[in-house]
Structures are given as structure tokens and as C-alpha cells.
Amino acid sequence: MELLLVMLIGVLYAAGVYFILRRSMVRLLLGIMLLGNGTNILIFLLGNITKGKPPIIDADLKVFADIYADPIPQALILTAIVISFGLTSFAIVLLKRVYALIGSDDLDDLNTPEEEDI
Amino acid sequence: MIDNQIIATVLVHLFTALLQLAFWRKTVTQRILSIAGTLTGFLFAANLFTKVYTGSILTMNASNWEAPFGIVFVADMLSATMVLLTSIAALAVSIFSATGVGRARMLYGYFPIFHFLVMGLNGAFLTGDIFNLYVWFEVVIIASFVLLTLGGRKAQLEGAVKYMAMNILASTFFLTGVGLLYGITGSLNMADLALKIPEVENQSIVNLTAMFFLIGFGIKSAVFPLYFWLPSSYHTPPSAVAATFGGLLTKVGIYALFRVFTLVFTPDEFMKTLFIVMGILTILTGAFGAIIKNNIRRLFSYLIVCHIGFIIGGLGLYTKVALLGAVFYLIHDMIVKTNLFLIAGLIRQLRGTMNMEKLGGLYAHYPKISLLIAVVLFSLAGIPPLSGFWPKIYLIEAGFSANNYAFVLSVIIGSFITLYVIARLWSEVFWKNDPAEEIVTDSFKPLKPFKKMLLVLPIGILAATTLYTGLNAEIIIQVADRISTEMLDTTPYIQAVLGN
């Protein structure tokens, strides 16, 4: 399971970086989203994935004796997902506005020359 | 020492923003609330600063969870200073915004978003938890996205795409670093991390994690290979927004670099060299970029980049004198850079353009305002008794004592080019004869005296702060000295957070 997740993270990061390096704005956005998801799975992986080992301590023990599923990474991911949801939805609206204004999906068309500044 | 008042500045801005949302589309009320809010924030920040300056490091445990388990807020000297400077800059910007920002933007929530942004900045400076720092960063960037795009002009949206892409990317890198850090140490509290990091067996994975933080914060603070988004977006929004961004947003990245690379990771030789090389290249590229620009705000954007190099290089030298110089420069820079963009906004009000070729003769028309601006420009260039001069002495001295002549040379070149650029700006904008006497659009003269005062007063406040920083340098040096001592010896911070 862990090996599978590691490979998935690698694929998500690689695809994300590839998309970000493209000139299309939509691909840029997709790349950012893939990178964000890769990061979320990375955090999930680092929290000792085990089945059926809740982080509940025995009454007569002071510390955990056995490996347990760490709940904190899941809380972190939940926060990160909510944040990236907000950012992504903003980004989609922004790109739509840019497309409506400029009529192009190419990042190279986004350079208003200095002479046109106010 | 536990003190629940340290998050007062965060709460003041939160409640100001919420109150303003209740007065949606009532711009006059929002303006008054904004100035009142930033003024209250300033008073709380000054109170916090005095408490930390005369006493010791203050902490607050959120929901009374004990330190390594819950989220902790810490006000040490560095945090308190940053909060104080932020509140001064925010006060100036909110006064300037009252007339400097168009009514259309105010109708769509300029002021509430501005206060959410300042709230995020204060939170980022005060938190002692690394994941919480990430969350505050996100609060800051999402507010800054809205401020940057509010108005929806073509240039603004173009700048916003680059700004948005790079900042989300930076956050992703930062989050990856946080995840890895939690994976190796099992902790998120920065003081706890400082104790656990040296005990990690595999130090190379620690260094790898440090790189993620370096890239994440490096993008946000605009250091050499990662700064290109800054000059292509900071000239687009209204000047009040650009002032907030230029003075405060890149500096929160610098703050995070200072915090993480003095407390959590201790830089090794490779890291220090990397910081110095990045610093030198940031100074040179920023300075040379500034030379060729004709638009005032594009020029100032490159100067931001240039001067960030001084601070990063000072961090790279990592001696007491170098850190002192870097912190002093940070204190000077936050106030001056905010002021520069406000000045650009004022020049736009005076002449309707920010292109140096179309400007001229401002000194003949507005001698008093020009003299006020001259003080700020001189202090930026580092003319001796003013505030830009002192930190450079410390940086150069630190460079000499570390035998790092490349850094000394680049500081000198950077200062020299800054001086040249400022001299060119002065002669083009203020001394040159007015090139087009008849088509000048002066939207300043028809304003009522009260509104004129609202535009000039914030520049005066910040110029007075700059003068104070320069003329009372021994007090600022004491503050910077304490900050650099706390950076090199983190035991008091750790003890304050974790107890003994």
C-alpha cells in the first residue's frame, strides 16, 4: 500500500511540474492542483498508515506501546484541502476573466508593455 | 510568561473587517472604521512591543492546550517588532486609502479585505506553530489575490495570474516541507522542533526538508532565481494596495526565513553559502533591473528585490553583527517601501501618470510635498544620518570580518545603483521642466484641503518614522541587538514556550 502511494505521489508531482512548465493557463492551473494533491497524499503517507489501529490508549498504559494511525496528518490534510479548494476556485474565476478579456489561453500574451502603463 | 493580550492585534483587525462587512456599500462608514481599526491595532501593537521590550517573551496557548500539543502564539522581540511596524504601515495605508482608492473598489469590499490581510500578517508574525504559519500565509495570499484583482483592469489581471501561480506554488512547497517535518519529528511546534531536529539520525533528510522551506519562503520573499513574479505584478494594483504588498507581503516571507532558519534549522556551511550567493545575485539583478525602468512603480518593484538581497545576505553571514544589520535593514525597509508606493500613488494623483518621461516640474509646483518626498528618497539611498545608512555599515562590517568581500562589494554596488536610480528619479520627476504643460491632469488641486491632508499625512507619518529610525539609531540598534541575540541563542524562546 505504501509503495503504491509513493508511486502515486511521484506521478502526481511529475505531472504537476510538467503541466506548470506548459504555456497554457489551464494546464498551469491543472499542474498546481496536481501538485497540491500530491502534497496532501504525501502528508497522509507520513502519518503511519495502518488498518484498525485507532490512536486510543489503554487505561493502564501511559504511552503507546504499538504502532497506531496518527490522526494529526488527516487534520492537516483536511485544512489543506479546504484552503486549496478556496484558492483553486478563485484561480478558475480569475483565469476565466483573463480569457474573456484577452481571448487567449497563452501565458505569453499576458505582457502589457511598459509604454501602456498609467 | 503567559499573556492572552498578544493576539489583540489579530482580533482588532478581524472585528474591524467583520464590522465593515455589516456596513457593506457604506463607504464613508467603512473609511472611518478602517482608520479607527488600524489606530486601535497600532495602540495594541505598541503596548505589546513595550511589554516584550521591558519584560520577557510572552506566550499564549490556544484553548489552554499545553505547548507541544496545542497551537501556541509567541511574541518575542522579532515578532513584536514586526507587529509594530506592520501596524504603523497599515495605519498609513488605511489613511491614504480613504481618498487614494476609488469608490468603485470600496463598494466591492476593499476595506474588509485589507483588514483580513493585515490580520493574516499579524497572525503569521505571532504564531509559534509551523502549520498555523501555513494557514496564516494562506489567509494573507487569498486576501492579496482579491486586493490585486479588485477593479479588473487588463494589466491587473495579467499580473494577478503570475502572482497567483507563483504564490500557490510557494504554498505547496511550504506545505510539503511541513509534511516532511512532521514525518521526521512528529511535531509542529517550532520550539519543540528546535529540540527534536538535532536528534534526528538522518540529517540529510533534514537538509532536504530545509530546501523545501527555502524555496517556499524564497518565492514569497522574492529572492534571486524566484523573484520574477514580483516586478511583473506589483505595478498593476492601485498604489495603496501596492504599498501594502511592497512593504509587508515580501517581508512576511523574510520573517519566516529568519524564524525557520534560526530557530528550527541551524544553517550549515552549504546553506550559509547558498544564502550569501542568493543574496548577492538578488542585489545585483534587482539593482540592474531598476536602472532600465521608466515607470516609477516598476522601478520601485525592482528596488524591493534589490534590497531583499541585503537582508538575505546578512542572514547568510550568520554572525551577530550581520544579523543585527539584516534586522535593522528589515525595520528600515518595511517603512520606507510602504512609503515609496504611497508616494507613487500621490504622484499619480498630482500628474495622472507614473511614467518618468511624461513627468517633470513637480518641485516647481509642489515644493513642500517634494521636500517631504526627498527625505524618504534620501533615506532609501542611505544618505548618512538617515535610516538606510546604519544597517549597511553593520552589513559591510560583518562582510569584512567574515572575509566575504564579494558580499561587501555587492552591498556597495547595490547602494550605489540605488543612489543613481533615486537621483535619476529626482531629476526626471521633480527637477526637469514639465514636458507637457497643457495636457497635465492634476486630480490633486481640485480636492478639498481635508482630502489633500489624507493623502499627504500618511506619507508624513511614515517619513517621521523613518527619520526617527535614522536619528535615534541607537535605540533601534538596541532592539536589533536583542533580536539578533535571541536568534543566535534560542534557549529563552524554547523555555518560554515549553516551560523547563
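This is a predicted model: local features need pLDDT of at least 70, side-chain atom pairs count only at pLDDT 80 or more; totals for chains, interfaces and linings use all residues.

1. The largest nonpolar core has 220 residues, and the residues with the most contacts inside it are B:Val140 and B:Leu315. Helix 13 of chain B (residues 320-351) gives the largest share of this core, with 21 residues.

2. B:Leu315 deserves a look of its own. Leaving aside residues up to four places away in sequence, B:Leu315 touches B:Leu257, B:Phe258, B:Phe261, B:Phe275, B:Leu323 and B:Ala326.

3. Next, the contact between the chains. Chain B puts 31 residues into it and chain A puts in 27 residues. On the side of chain B that touches chain A, the elements giving two or more residues are helix 6 (130-149) and helix 7 (154-185) of chain B. The largest share of that side, 16 residues, is from helix 7 of chain B. Sorted by class, the side of chain B that touches chain A has 15 nonpolar, eleven polar and five charged residues.

4. Helix 2 of chain A (residues 25-45) packs with helix 7 of chain B at an angle of about 15 degrees, and their axes are 9 Å apart. Because angles under 35 degrees count as roughly parallel, helix 2 of chain A is roughly parallel to helix 7 of chain B. The crossing of helix 2 of chain A with helix 7 of chain B is left-handed.

5. Which residues make this helix contact? From helix 2 of chain A they are A:Met25, A:Leu28, A:Ile32, A:Leu35, A:Gly36, A:Thr39, A:Leu42 and A:Ile43. Helix 7 of chain B answers with B:Val161, B:Ala165, B:Ile168, B:Leu169, B:Thr172, B:Leu175, B:Thr176 and B:Gly179. By class, the contact of these two helices has eleven nonpolar, five polar and no charged residues.

6. Please also check the backbone at B:Ala222. Although B:Ala222 is not a glycine, its phi is positive, at about 60 degrees. B:Ala222 sits in the loop between helix 9 (203-221) and helix 10 (239-264) of chain B. B:Ala222 counts as buried because it has 26 C-beta neighbours inside 10 Å.

7. The loop between helix 12 (296-317) and helix 13 of chain B holds B:Tyr318. With 22 C-beta neighbours inside 10 Å, B:Tyr318 counts as buried.

Key:
Residues are numbered from 1 along each chain as its sequence is written. Chains are lettered from A and ligands numbered from 1 in the order in which they are written. Two residues are in contact if their C-beta atoms, placed from the backbone, lie within 7 Å. Helices (H or I, at least four residues) and strands (E, at least two) are DSSP runs, numbered from the N terminus. Ala, Val, Leu, Ile, Met, Phe, Trp, Tyr, Cys and Pro count as nonpolar, Asp, Glu, Lys and Arg as charged, and the others, Gly among them, as polar. Axes are lines fitted to C-alpha atoms, for helices over the stretch in contact, and angles run from 0 to 180 degrees between N-to-C directions. Angles under 35 degrees count as roughly parallel, over 145 as roughly antiparallel, 65 to 115 as roughly perpendicular and the rest as oblique. A crossing is left-handed if the near helix is turned anticlockwise from the far one by less than a right angle, and right-handed if clockwise. A nonpolar core is a set of buried Ala, Val, Leu, Ile, Met, Phe, Trp, Tyr and Cys residues joined through C-beta atoms within 7 Å. A residue is buried if 20 or more other C-beta atoms lie within 10 Å of its own, exposed if 12 or fewer, and partly exposed in between; C-beta atoms are placed from the backbone.
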